Amino acid sequence: MIGSHVTNVHQTLMIENSEVSKSGSNTSGSLDHPPPTGRRTFLGWVIGLGTVSVAGLLSIPLVRFALDPLTRAATSTGWSDLGPTSDFSETTAPQKRTISITQTDGWRTVLSEKSIYVVKKASGELTVLTAICPHLGCSVKYNESNNQFKCPCHNGAFTTEGKLVSGPPPRDMDNLEMRIQDGHLQVRYQTFRQLVKSKEVLA
Amino acid sequence: MKQNAKQSGFMSWLDKRTGIEGLKHEALNEPIPGGARWAYVFGSGLLYILLSQIVTGVFLAMYYVASADHAHTTIEYITKQVTAGGFIRSLHSYGSSAMVVTLVVHLGQTYFFGSYKGRREILWISGLMLFALVIGMAFTGYLLPWDEKAYFATAVGTNIAGEVPIIGDWLKALMRGGTEMGTLTLSRFFVAHVFLIPAGIFAFVGAHVYLFRKAGSAGPISEDPYEPKQKSEQFYPKQVIMDIVFATILVGALGLLSYLSPVELGPKANPADTQFLPRPEWYYLPIFQWLKYWSGAYAIVGIVVIPGIVAGFLVALPFMDKSLERRPWKRPIASFSFATILCGLIFLGWQSGHEDGADAAVAKQLAKQATETEAFMKTPFKSETMGPAMLIAAPLSPEAAKGKKLFTDNSCDGCHGDNGQGTENGPKLIGVSVKFDHDELVKVLRNPTQKMRDGNMDPVEIPDDDLALLIAFLNTLK
């Protein structure tokens, strides 16, 4: 009761005094006489500079946090072992092998299996071809009856060494990077862009 | 005038289009009756912490996945792998504690200074709403790492909601997204934590700051809350500097704490663990302890009635107490009740820790949990392995393994995929052995149907023994 009475009195006062109290004869002093402009501006600069430097300091860990994936080397799939080279010395026809690929994707490790062909060229050198057709990515199959690779999807045909013979593929079969380590044949699996004339590494 | 003349061309151009000088004036020249004081720094301190929580929260969301399968792994990844990840997560986690502490101090200061008086009812209530929302943020955020303590503390928290009369079970199921805790619970808590509650916080912070500026600063306890009479000082520069100093102390303290003592992550939640003793975050300990005293039929008194009375009292406060008196010692009932509640909460928190220490079995289990957390923090990060189930699972039987070789040698994988998962050129074979028995499989492989032939499926021309091996492999595709 008393409270509401007080409020009413104040409301009346408020109407009369609102302008005055805002800009202030009774809130005297600094409002009418702000500190000299020079000092205010200087302080403003000091505060601004301080704020910017603290914000800058704080943003260092944030930027490093956000850029973390960029600092990690692109996940180069390691070398997959295909066994001793002697396994392929007698070979005339291409040998199909399956290799397991491990890829790191952020907090995941993704496992997959890929097919490759080990081919002994006329010169006696070994080469490793990916089974993925450079046309649309189907798995190429080796056909022993005519000694050709054939893609089951659109009938692209390749020689035993992977040279394009006929069909829609834009280029030869893609060979993979390989090495011989302690007598073992090893290969680094990669995928390549399809439908283009030259071999381009995708991953 | 002189100032305007001094303005650079650009500033004057900008001001004409945005009115930025007016905004600056509005923001900086706010009169503070009785002058700047350290007691007033907590509100802007809270704004600073809020800003820090938003920024660190957004960055954490770059790596976090809200699913029971991956949440723990992604937090582990952030903590152990990502550059500065442990630091950012610690800033966010300690920031929540800083928020609660500063909020209680801000509320206490407003209460003891009687600053809610003088046509500030809605301002006060918007502050109480913000208090509730922040408590909600702390509750929902706690579950997100999905480690043991997060899981079990939330299981207890949602059980408490289940004690509410009539709607309790429904409320609990609504929070959990079902009767049990699971991945739906996590999704709900995530949505509440990053979308729903923040929306409320933005709205109420806007209202709170606007209403504060509208009502004006209440000034010191000797001031008339309706019509300030004391000599005033502008917000800028002295109060601004005090606010900045306080914010800098907060930055420094949170940064130092996060750097020297990063927040830990426990092992992944194991719902089957019956030994685990959940303990909430420290600022929830008083409530945790309080609820121990109210069980069975009386639970409703402790969970609903008493907290309801306290909340109702706080909301009603500015409507009941309209006297001009602001000095706490001249308002003994108000001061005494607030101090009692505050001391009671502190005592309950202390009691909770004391009881844990006094009970040997509990102390042993808590020590064991701490050791497990330490051990987990030391184990290197292990990524989640994904791929076709059979690559990860047990190796194939010799027959099936031979069958798999036949599967790739005959380029079945070309169309049906490495592991029969199917490609755009051929259907998946997973489950094919459920659809067809052995003889039917032999038949369609030897003599594909016209539809299969149209899809480029050639008859399988391998010896009968090999065909049996191939089918042995197909039988593993489930």
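Start at A:Thr109, which stands opposite B:Thr385 in E3(B). Strands count as paired here if DSSP finds at least two bridges between them. Helices (H or I, at least four residues) and strands (E, at least two) are DSSP runs, numbered from the N terminus.

Before going on, some housekeeping. This is a predicted model, where local features need pLDDT of at least 70 and side-chain atom pairs count only at pLDDT 80 or more, while totals for chains, interfaces and linings use all residues. Residues are numbered from 1 along each chain as its sequence is written, and chains are lettered from A and ligands numbered from 1 in the order in which they are written.

Now zoom out to the whole contact, which takes 44 residues from chain A and 47 residues from chain B. (Residues are in contact if their C-beta atoms, placed from the backbone, lie within 7 Å.) On the chain A side, H2(A) gives the largest share, 13 residues.

Finally, look inside chain B. Helix H20 (residues 438–446) and helix H22 (residues 464–476) of chain B pack at an angle of about 115°, with their axes 11 Å apart. Axes are lines fitted to C-alpha atoms, for helices over the stretch in contact, and angles run from 0 to 180 degrees between N-to-C directions. Where they touch, B:His438, B:Leu441, B:Val442 and B:Leu445 in H20(B) meet B:Leu467, B:Ile471 and B:Leu474 in H22(B).

Technical notes: Contact = placed C-beta atoms within 7 Å.
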